[in-house]
Number of protein chains: 2
Amino acid sequence: MNAKEQGRRRFLKSGAALAGLAVGGPPSASGQPMSADVSRIPPYGVRSRFETSHRGSGRLHSGQSPLQDSVGIITPNPLHYVVSHGAWSPDIDPQAHRLLVDGMVDRPLVFTMDELKRLPSVTRTHFLMCAGSSYVTRGPRRNARTVQETHGWTSCAEWTGVPLSIVLDEAGVQDGASWVVAEDVTKKWTVSIPLAKAMDDTVLVYGQNGEAIRPEQGYPLRMLAPGFEGTRSTKWLRRIKVVDEAYLTRWEITVYTNLMPDGKARWFQFEFEPNSVITFPSGEQQLPGPGFFEITGLAWSGGGAVSRVEVSVDGGRTWADAQIQEPVHRMAHTRFRFPWQWQGGEATLQSRCTDERGDIQPSLAELNQIWGVDNEYWTTSTNRVQHLNAIQPWKVDRDGSVHNAIWES
Amino acid sequence: MNAKEQGRRRFLKSGAALAGLAVGGPPSASGQPMSADVSRIPPYGVRSRFETSHRGSGRLHSGQSPLQDSVGIITPNPLHYVVSHGAWSPDIDPQAHRLLVDGMVDRPLVFTMDELKRLPSVTRTHFLMCAGSSYVTRGPRRNARTVQETHGWTSCAEWTGVPLSIVLDEAGVQDGASWVVAEDVTKKWTVSIPLAKAMDDTVLVYGQNGEAIRPEQGYPLRMLAPGFEGTRSTKWLRRIKVVDEAYLTRWEITVYTNLMPDGKARWFQFEFEPNSVITFPSGEQQLPGPGFFEITGLAWSGGGAVSRVEVSVDGGRTWADAQIQEPVHRMAHTRFRFPWQWQGGEATLQSRCTDERGDIQPSLAELNQIWGVDNEYWTTSTNRVQHLNAIQPWKVDRDGSVHNAIWES
């Protein structure tokens, strides 16, 4: 059932009306007296004390976005996911920070932050995602209960910065150059990307959702290679070196690879495939009872714009188009919505993304076929699974409880 | 000079190169050792200690967005402007909050927040602005030095909520109804809007940039009437009453009116006219020396989408099209950019917005003509000036200092 086919005044008139809806007089007062210290507006605001959504705790160097609470497509800066192999954030003074551009260039250059900010800028909305979202669960999302745990290593923001191509043009890229190596201030994080990507849409980012990028996102300067796995977007960027081959750095030939059944590993699998997940209802949420609900979620692809999202409420037997939030940005989270009358029976909800290239998000079984593996493969602890984009089913039980059903699909 | 006419590799090759640009070896290390308490990622993140941008302080019930530091079109939630006539924020428990819909409806209804969130939702990017941006300066922006002071009472966010039309359709609007009155929990804030606007694009908002709306923006529920003066978008919303006439409430017939020279006041001037301002370079900023700069700013209109922004660097004698950031949202801030080679002489920079209706932002002199007033009018303390959308000139002196030149224009 398409959203557009829904008539108006449907939500209360259906057999399953909104639970708990009262009719009558004015509501009880819910505005409390002011607390003592709110007589002046905070210069830099804080959220309501009733809001407790967070990136998780207990992990040393990562935090996952609470997608179950997300609305729209922007991830607020305090809730952007983090994965850092090492200290989560160097404490960098932007006045002292410098960017070096060297290697196979005519004019090696050093930029201050002020100099970078004088150059022509762009602002674009893009997702970032960790390639290894499923790794820690030993098998795809096996021990993950919530959408924060299954997909929380992705976020989306409005990024502002200087196109890397402008900086490289200033330096003058020499003939024969084919790769760019990006290094951070700790010198622990160095990755290679093709020169073509660097000259296409890669941005040197200093702004995130209208303010300076956050420390854990690379303050004061990071690279952003849209649609590529997050590991390619070096944070706390200090150096761009133009070279003629990939540098085969530590992380890009170990963790951020896919070990296949034949014993070989896939390297440099940059671009993310189409992906999506329902954020409501999702794992560990509780429906109050039968009636109307708006199913909603996020879809994205490293291959460009999301062109279609389908939703199934019967475990994948039938699918129907979801409504997509406009405007759709390329390589960005795309919010989808789907009206649903829950009759109270068991139901398995899932979404499927198609991107502008026509690529379609596979089920776990289909992904196994594509990769030439089986479920046994996933349970071997040495398999470091990157780029998992399998359809995520959520099972709604008769009592309204929702749980992760990927292993039942 | 249009942005597209700019060639590549221009920024360093021009006579006025980037100041301070060094060439050579690697930069000095700017990554400091980790401080002691950053071994774990904060569950709800904070910005760098080097970032100090804020909404101003010292005002009891208002705060202005620091537009001079803005990038892109999103205002981060902690920096969204605030104007509150009364306490800046009631402390509302969302579990206890209720929305009453009554008046000329077939079925009076009471909603909990959970019930509202089950209804079909929309997400849209819109600006908000206080109608009286110029009031406190006694004469348009007379004592305002920075863009935060001249235009800081506007912000832009991605808002999520339920279309008011859906809620009104549930209740069943009766024949003869023509207005809607929105009341907040303090019962101090009650405003009227036409029913046509309520049924068109007005939204009951609970989400702001991907999380719950902030306390000072009306947590847990506010109205948002896109393109209308901010006062029409009641915060801490407790009641929607459908009626057959405007209620002529306290604020809408006193402060939020325009006293004209004939002694009559304009009432119910809802929709904002086309507006824009250059945010860099802007008042009190300092250019380090001649060379290339990217002029940038924001444009918006209550009448729909911004269709054109022109920039003048010679005090309004000549104008050229600025580059507009895509996608352009209706009734939303629109970022514009304009390349500029500053030769070191005096220059007056200003921008001019045209919206999709073809309306063009006027200069102060033109606005005086439209309104039938003169500069004397502005200096009378009893004039409460709303909807001021005059072009804002910034004067760059030979020493690179920038100041507000609206009274010189």
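Tutor: Happy to! In chain B, strand β19 (residues 306-312) and β23(B) run antiparallel and are joined by six bridges. Strands here are DSSP runs of E, at least two residues long, numbered from the N terminus, and two strands pair if DSSP finds at least two bridges between them. This is a predicted model, where local features need pLDDT of at least 70 and side-chain atom pairs count only at pLDDT 80 or more, while totals for chains, interfaces and linings use all residues. Residues are numbered from 1 along each chain as its sequence is written, with chains lettered from A and ligands numbered from 1 in the order in which they are written.

Student: What is the bridge partner of Arg308(B) in β23(B)?

Tutor: Thr354(B). β23(B) also runs antiparallel to strand β24 (residues 394-396) of chain B, through three bridges, and there Thr348(B) stands opposite Lys395(B).

Student: Is strand β23 of chain B mostly covered or mostly open?

Tutor: Mostly covered: seven of the nine residues in β23(B), 347-355, are buried. Buried means that 20 or more other C-beta atoms, placed from the backbone, lie within 10 Å of the residue's own.

Student: New topic: how many residues has the largest nonpolar core?

Tutor: 175, and Leu204(A) and Leu204(B) have the most contacts inside it. Strand β18 (residues 291-300) of chain A gives the most to this core, six residues. Such a core is a set of buried Ala, Val, Leu, Ile, Met, Phe, Trp, Tyr and Cys residues joined through C-beta atoms within 7 Å.

Student: And which residues is Leu204(A) in contact with?

Tutor: Beyond its neighbours within four places in sequence, the contacts (C-beta atoms, placed from the backbone, within 7 Å) include Leu116(A), Val162(A) and Met223(A).

Definitions and conventions
A residue is buried if 20 or more other C-beta atoms lie within 10 Å of its own, exposed if 12 or fewer, and partly exposed in between; C-beta atoms are placed from the backbone. Helices (H or I, at least four residues) and strands (E, at least two) are DSSP runs, numbered from the N terminus. Two residues are in contact if their C-beta atoms, placed from the backbone, lie within 7 Å.
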